[in-house]
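Subject: Structure handover

Hello,

Here is the structure I said I would pass on to you. Please open it alongside this message; my notes follow below.

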Amino acid sequence: MYPLHRFDRVVGAIAAGLFVAAVVGFGLALPGYHALRHPVALLGAIGVPHAQAFSVLGFVLPGLLAVAVGMRLLLRVPRTVPWSMRVGVQLLVLAGLAFAAMGVLPLDASDIESPASQYHASAWMVWVLAFVPGAVMYGWGALRAPGIRAQALLHLGCGLAMLLAAFVLQLWMPAPLAQRLAFACWAVWLVAALPVAAWAKRGAV
């Protein structure tokens, strides 16, 4: 079991690190790309240099690792906890799949209204609409379970912050910046979800 515990400590950080490194690295390499004016998805758009490499490193691999985080978290959910925790973590697994799908379904840089662009936008929306209720449901259930308050605060905080970033903050700031804040909420959850769950389990023993 020790290798699995080591995997739990690092898998989320690897996923978040891959995503951040891909966004920063490919963004610096793309002439004219500006974080406040251009969405992250442009780095993987059809017709953009090195788009396929970004899609794999920035979306597909982090998304699949996020699925692994969700599955490992699901295995840690006791049968005695509220049902919302189990349903919530299943939605978090779906969010990871949707994140990976954003790399499989890239934007069309030449036509934002094209079917390809619409498919990408749908994958992004599924990601948000799976993560937000998933995190909130998991956190709400954790509030009513003994000994895992830290998990509750983490999931409620990340879920509500992403809801704010994805749907509200765009009214007061550039949409690409608000989108990056939504990605940041997801990255925080990735890094912390399994370590916090492991810490809560040790504290309950």
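Where does His-50 lie? His-50 sits in the loop that runs between α1 (2-29) and α2 (51-75). Please keep in mind throughout that this is a predicted model. The phi angle of His-50 is near 60 degrees, which is a positive value in a residue other than glycine. His-50 has a relative accessibility of 56%, so it counts as exposed.

Helix packing

The crossing in which α4 passes α5 is left-handed. Sorted by class, the residues in the contact of α4 with α5 are 21 nonpolar, four polar and one charged.

The other pair is α3 with α4. Here the packing angle is about 160 degrees, with the axes 7 Å apart. α3 and α4 are therefore also roughly antiparallel to each other. Their crossing is left-handed. In the contact of α3 with α4 there are 23 nonpolar and five polar residues, and no charged ones.

Aromatic pairs

The structure holds 13 aromatic pairs. One of them is formed by Phe-99 and Trp-186: the ring centres are 4.0 Å apart and the planes are at 20 degrees, so this pair is stacked. Phe-99 belongs to helix α3 (residues 83-104) and Trp-186 to helix α6 (residues 175-204), so the pair ties together parts that are 87 residues apart in sequence. Phe-99 and Trp-186 are both buried.

A second pair to look at is Phe-131 with Trp-189. Their ring centres are 5.6 Å apart and their planes are at 80 degrees, so this pair is edge-to-face. This pair also links distant parts of the chain, with Phe-131 in helix α4 and Trp-189 in helix α6, 58 residues apart. Phe-131 is buried, as is Trp-189.

Which residues do ring pairs link into a cluster? The cluster consists of Phe-19, Phe-26, Phe-54, Phe-59, Phe-99, Trp-124, Trp-127, Phe-183 and Trp-186. Phe-99 and Trp-186, the stacked pair described above, are thus among the members of the cluster.

Cysteines

How many disulfides does the structure hold? The number of disulfides is zero. Cys-158 is in no disulfide, and the nearest cysteine sulfur, which belongs to Cys-185, is 6.3 Å away. The cut-off for a disulfide is a pair of cysteine sulfur atoms within 2.5 Å.

Are these two cysteines buried or exposed? Cys-158 is buried, with a relative accessible area of 6%. Cys-185 is buried too, and its relative accessible area is 12%. Both values fall under the 20% that defines a buried residue.

That is what I have on this structure.

Regards

How values were computed:
Residues numbered from 1 in each chain as written. Predicted model: local features only at pLDDT ≥ 70, side-chain atom pairs only at ≥ 80, totals over all residues. Heavy atoms only, no water. Left-handed = near helix turned anticlockwise from the far one by under 90°. Helix = DSSP H or I, 4+ residues; strand = E, 2+ residues; numbered from the N terminus. Nonpolar A, V, L, I, M, F, W, Y, C, P; charged D, E, K, R; others polar. Phe/Tyr/Trp six-rings, centres within 6.5 Å; stacked < 30°, edge-to-face > 60°. Buried < 20%, exposed > 50% of the residue type's maximum accessible area, 1.4 Å probe, protein only. Axes fitted to C-alpha atoms, helices over the stretch in contact; angles between N-to-C directions. Parallel < 35°, antiparallel > 145°, perpendicular 65-115°, else oblique.
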